[in-house]
Amino acid sequence: MLLSRFPRIRLGHLPTPLEPLPRLSAELGGPEIWIKRDDCTGLSTGGNKTRKLEFLMAEALEQGAEMVMTQGAIQSNHARQTAAAAARLGLACHLLLEDRTGSHDDNYNHNGNVLLDHLHGATTERRGPGLDMNAEMEAVADRLRAEGRKVYTIPGGGSNPTGALGYVNCAYELVGQANDAGLVIDHIVHATGSAGTQAGLIAGLKAINARIPLLGVGVRAPRERQEENVYRLACATAEKLGCPGVVARPDVVANCDYVGEGYGIPTPGCLEAIAMFAELEGILLDPVYSAKGAAGLIDLIRKGHFAGGERVVFLHTGGSAALFGYVAAFAAADRAAAQ
């Protein structure tokens, strides 16, 4: 399945490392844990959206865009990486940021990814919760087009068949690394939200018959809705690749038991995962995506979901810049621990 058929601009530091986590593995006493470091993609502190943007930004340039638009939560990793990609390519960038948490904390609203959005030169608008954000974005884009701007819009998370090609490529890359290292991968686990990362991985793994089970740990939607979103996009991505029908509904598995109170709101397990990865392996997780994915992984290991001796790869989707928007959450956790 040749990805070279599709326009692509190299933005990331690829391939990202595939590394063992010996201290975390020993601490949990279950499977052998490895990590795929997509926090090391290099674009504005890195993250998984860089892979998607290599294909999306190439399409934008091919269509003659001089401005890109996207949408996401206030502390959106995707928005930050889109702003950085636009800066590198000399394009204007406009972001719609949705208040999904109701937080009035200054750090959450102005630090972390928001600070980086503006450093990269993006302009921003904010919206309240519960809206159709892609529709909101298209309405703003239409207004700008009427003013003569050439605008290319990117759905939330970069999650469409073009963006998902980035994670088809990641699936090929990961399997190639495992083959070169003589590493048998028994499971892949990662955080799943807007669906593009999981959909691209599934389409890529199935296209090469890798036979590696993939588990997405949900960060927002209920399981049935999450799995349906991923399945629909995985099928569309496979069709774009030229292998329609390769993805079956049972291939799509999400566990949404670790969302907690809602999107972007840290859970005790999420904060524990951040501490464990930082203290045992020197790796920073983000409180919205990667830490909830890791919290699911840790809890499932403790419950015996993975057999001892199996090798589990945790795909780190990046986002550590968001930590600086969550100072209040860490302070509250410290106060609770001291009581």
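Student: Where does asparagine 209 lie?

Tutor: Asparagine 209 lies in the loop between helix H8 (196-207) and strand S8 (214-218). Helices (H or I, at least four residues) and strands (E, at least two) are DSSP runs, numbered from the N terminus. Please keep in mind that this is a predicted model, in which local features need pLDDT of at least 70, side-chain atom pairs count only at pLDDT 80 or more, and totals for chains, interfaces and linings use all residues. Residues are numbered from 1 along each chain as its sequence is written, and side-chain values use heavy atoms, with hydrogens and water left out.

Student: Why is asparagine 209 called exposed?

Tutor: Its relative accessible area is 56%, and the label exposed applies over 50%, buried under 20%, and partly exposed in between (1.4 Å probe, protein chains only). Asparagine 209 is therefore exposed. Asparagine 209 also has a positive phi of about 55°, although it is not a glycine.

Student: What makes arginine 211 count as exposed?

Tutor: Arginine 211 has a relative accessibility of 73%, so it counts as exposed. Arginine 211 is placed in the loop between H8 and S8, and its phi, near 60°, is a positive value in a residue other than glycine.

Student: Why is arginine 51 called buried?

Tutor: The relative accessible area of arginine 51 is 1%, and it is therefore buried. Arginine 51 lies in helix H2, and, not counting residues up to four places away in sequence, it touches several residues, including Leu14, Asp38, Tyr167 and Glu173, where contact means heavy atoms within 4.5 Å.

Student: What is the order of the strands in the open sheet?

Tutor: The open sheet has four strands in the order S5-S4-S3-S6, with parallel pairing. The edge strands are S5 (123-127) and S6 (151-154), each of which pairs on one side only.

Student: How do you know that S4 and S5 pair?

Tutor: Two strands pair if DSSP finds at least two bridges between them, and five bridges join strand S4 (residues 92-98) to S5, so they meet that definition. One example is leucine 95, whose bridge partner in S5 is threonine 124. Likewise, seven bridges join S3 to S4, which run parallel, and valine 68 has cysteine 93 in S4 as a bridge partner.

Student: Which strands does helix H6 touch?

Tutor: Helix H6 (residues 133-146) packs on the sheet and touches S3, S4, S5 and S6. The buried residues of H6 are Met133, Met137, Val140, Ala141 and Leu144.

Student: What makes helix H11 largely enclosed?

Tutor: Eleven of the 13 residues of H11 are buried, so H11 is largely enclosed by the rest of the structure. Among them are Ser290, Lys292, Leu297 and Ile301. Just after H11, glycine 304 takes a positive phi of about 80°.

Definitions and conventions:
Axes are lines fitted to C-alpha atoms, for helices over the stretch in contact, and angles run from 0 to 180 degrees between N-to-C directions.
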